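Please read them with the coordinates open.

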Amino acid sequence: MTARKIIIDTDPGQDDAIAILLALASPAEIEVLGLTCVAGNVPLALTAKNARIVCELAGRPEVKVFAGADHPLVRNLRTAEHVHGATGLNGPKLPDPAMPLQDQHAVDFIIETLRREPAGTVTLCPLGPLTNIAMAFRKAPDIIERVQEIVLMGGAYFEVGNITPAAEFNIYVDPHAADVVFRAGVPLVVMSLDVTHKAMVTPARNEAFRALGNRVGVAVAEMTDFFQHFDLEKYGSAGAPLHDPCVTAYLIRPDLFTGRHINVEIEITSELTMGMTVADWWGVSGRAPNALFMGTIDDEGYFALLRERLALL
């Protein structure tokens, strides 16, 4: 089996960090060509710093990290320190990174990589707002047909919104970028809140991370210790959803997920529903399907995969 080449586009974020760790712990299935950072959970300077912190936590300082867009295409930036803390990685005490940030802009790295690698061999894995991906598609439309697939975390249907009543955070932060990406014609796999809200870090699951005994397991447990307080209060659930690792878990074990190939469009005109993923789950619109929109997850298998791989770092 040949490892799947990916670019992770990210705004770390504790759950982004765990998604990155899972990818770096799975070299047989995933070859990480680089991390491209975007403003989202916290501003760009912090997301670019956090991505490098995570690479060093994984013992992978050779991974290239690129800074990209520091604001959405049209709207003002909305961040989520109320969830992730002032640094975006509140929880564990991790040292500042020693590895460098690359000089090249993230958008240019995406374009260069897709032009260099054989067509249909690079998967884009956005874990945050889609600004960098949309900018790359606008700047170099020739790369669109070269993308193998986009597997992203964002959107919702049955779970509606988590930042507004209608919108999930990643899509809401830059709905115009999401509109560009969803209309591009690239095969899409969407890890929506409908999936991620079934991937709950319960106290027992978090203690299982801590019990791995390695530096990564303890750090992951401390990350989820921090951000779960907000989610437990918000949702009144038995745990906090672990969103972004669903993207990298899908690349390793797609059988853990089920969904439907449906039409998904992005609301960009109404302030009331701005950033809503209008998912035609029941096929009533007549619009052509453009996304595999996930609805369920084998949560036990998901957390078993996380424990297995994080133990290797």
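Predicted model: local features only at pLDDT ≥ 70, side-chain atom pairs only at ≥ 80, totals over all residues.

1. Helix pair. Helix α1 spans residues 14-24 and helix α12 spans residues 299-310; their axes come within 9 Å and cross at roughly 65°. The crossing of α1 past α12 is left-handed. On the α1 side the contact is made by Ile18, Leu21 and Leu22, and on the α12 side by Leu305, Leu306, Arg309 and Leu310. By class, the residues of this contact comprise 6 nonpolar, no polar and 1 charged.

2. Salt bridges. The structure contains 19 salt bridges. One of them links the side chains of Glu117 and Lys5, with an N to O distance of 2.6 Å. Which parts of the chain does this pair tie together? Lys5 sits in strand β1 (residues 4-10) and Glu117 in the loop between α4 (106-116) and β4 (122-126), so the bridge joins parts that are 112 residues apart in sequence.

3. Surface patch. Phe158, Trp282 and Val284 make up a nonpolar patch on the surface. Together the three residues have about 400 Å² of accessible area. Phe158 belongs to the loop that runs between β5 (147-153) and α6 (169-173).

4. Positive phi. The loop between β5 and α6 also holds Val160. Val160 is not a glycine, yet its phi is positive, at about 50°.

5. Cis peptide. Where is the cis peptide bond that joins Pro12 to its partner? The bond is between Pro12 and Gly13, and its omega is about 0°. Gly13 is part of the loop between β1 and α1.

Notes. Residues numbered from 1 in each chain as written. Heavy atoms only, no water. Axes fitted to C-alpha atoms, helices over the stretch in contact; angles between N-to-C directions. Helix = DSSP H or I, 4+ residues; strand = E, 2+ residues; numbered from the N terminus. Left-handed = near helix turned anticlockwise from the far one by under 90°. Contact = heavy atoms within 4.5 Å. Nonpolar A, V, L, I, M, F, W, Y, C, P; charged D, E, K, R; others polar. Patch = residues over 30% accessible without salt bridge, like charges linked within 9 Å, V, L, I, M, F, W, Y side chains within 5 Å. Areas by Shrake-Rupley, 256 points an atom, 1.4 Å probe, with all protein chains shown as cover. Salt bridge = Lys/Arg side-chain N within 4 Å of Asp/Glu carboxyl O.
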